[in-house]
Amino acid sequence: MDCFIGTSNSRWMLGPYAQAPFGMVQIGPDNQGNRWMGGYEYAINSVSAFSHIHAWTMGGLSMMPATADFTIENPGPDSPYKGANAGYHSRILKETEKAYPGYYEVELYDHQVKAAMTATTRCSFQRYNFPACEDARVLIDLLFPTEWDYGFSVKDAEIRRVSDTQVEGYAQCVSGAWSSWNDWTLYFSIRFSKPFLSFNGWNDKGIHENVNEIKGAGETGAYVTYKTYDNEEVLVQTGLSLVSLEGARLNLEKELKTPFGWDFITCVQSNRQV
């Protein structure tokens, strides 16, 4: 099955996303700004980040591994005001881009990271292979471009460090423009296979380093840091819920931690057996 069919000049909901059958999570690449028919465009050889929700009038929880010069801005490669090299997005090696049901992978040229991902019904499972780097990062962005001219807005959000391998939080969102009737709260629980060195964040007041939590409205995000050796593998599992933080934790436990542990390949293969 060719998961790239229909991904050019298409819609936010249609991309080479990793998704279990009828799953809530559709994690995969975005590479356009807020615009009609935005999201993923096959002809663009870059990735802005990997977001989890690609539903009609809804988006949520974008993540990105990074090793290039630090920035939290990510206007995208086609921004009219920032230039092609601004932001934490990355050019990709197009020949490395692969997708089949329940799976997506690509090599991020500017960050020298190979990113692969799969999903269960309510969770994502990502695998990042980093280069040797003194300042490797994984960014968590709660407000980012989606399909619509006005995208969605974040009314309130929190990202909290639970331990040096776990981060949790929520984002209260409302869709923009004509679909402003649509609001939701996305809860998330994220665990990392390798303890991170620091937890940091940003909001409208700026960047905050070595903190335990970050709160805000509008632009809100966080990043964890690592020192990595060449081809080091860092695994990231994320449980989501539209009901509660307890639900996100339970989904992470029941759908990933208990059945798979840190076995990425077995989780990928499980989608082929459904």
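Which residues does Ile159 touch, not counting residues up to four places away in sequence? In this predicted model, Ile159 touches Ile140, Leu142, Val167, Glu168, Gly169, Phe188, Phe199, Asn212, Glu213, Ile214, Gly221 and Ala222. Ile159 is also, together with Phe50 and Phe192, among the residues with the most contacts inside the largest nonpolar core, which has 61 residues. In soluble globular proteins, nonpolar side chains tend to be buried together.

The strands form an open sheet of nine, paired in the antiparallel sense and arranged in the order 6-7-8-9-18-13-12-11-16. Because strand 6 (98–100) and strand 16 (213–216) each have a single partner strand, they stand at the edges, and one side of each is left without a neighbour in the sheet. From one strand to the next, the twist averages 15°. Within this sheet, strand 9 (residues 123–130) and strand 18 (residues 232–241) are joined by eight bridges in the antiparallel sense, and Ser124 stands opposite Thr238 in strand 18.

Two helices lie across strands of the sheet, as the table sets out.

| Helix | Residues | Strands it lies across | Direction |
|---|---|---|---|
| Helix 1 | residues 245–260 | strand 9, strand 11 (152–163), strand 12 (166–175), strand 13 (183–192), strand 18 | about 130° to strand 18 |
| Helix 2 | residues 264–272 | strand 6, strand 7 (103–108), strand 8 (113–119), strand 9, strand 18 | about 45° to strand 8 |

Terms used. Residues are numbered from 1 along each chain as its sequence is written. This is a predicted model: local features need pLDDT of at least 70, side-chain atom pairs count only at pLDDT 80 or more; totals for chains, interfaces and linings use all residues. Side-chain values use heavy atoms; hydrogens and water are left out. Two strands pair if DSSP finds at least two bridges between them. Helices (H or I, at least four residues) and strands (E, at least two) are DSSP runs, numbered from the N terminus. Axes are lines fitted to C-alpha atoms, for helices over the stretch in contact, and angles run from 0 to 180 degrees between N-to-C directions. Contact means heavy atoms within 4.5 Å. A nonpolar core is a set of buried Ala, Val, Leu, Ile, Met, Phe, Trp, Tyr and Cys residues joined through side-chain atoms within 4.5 Å. Buried means under 20% relative accessible area, exposed over 50%, partly exposed in between (1.4 Å probe, protein chains only).
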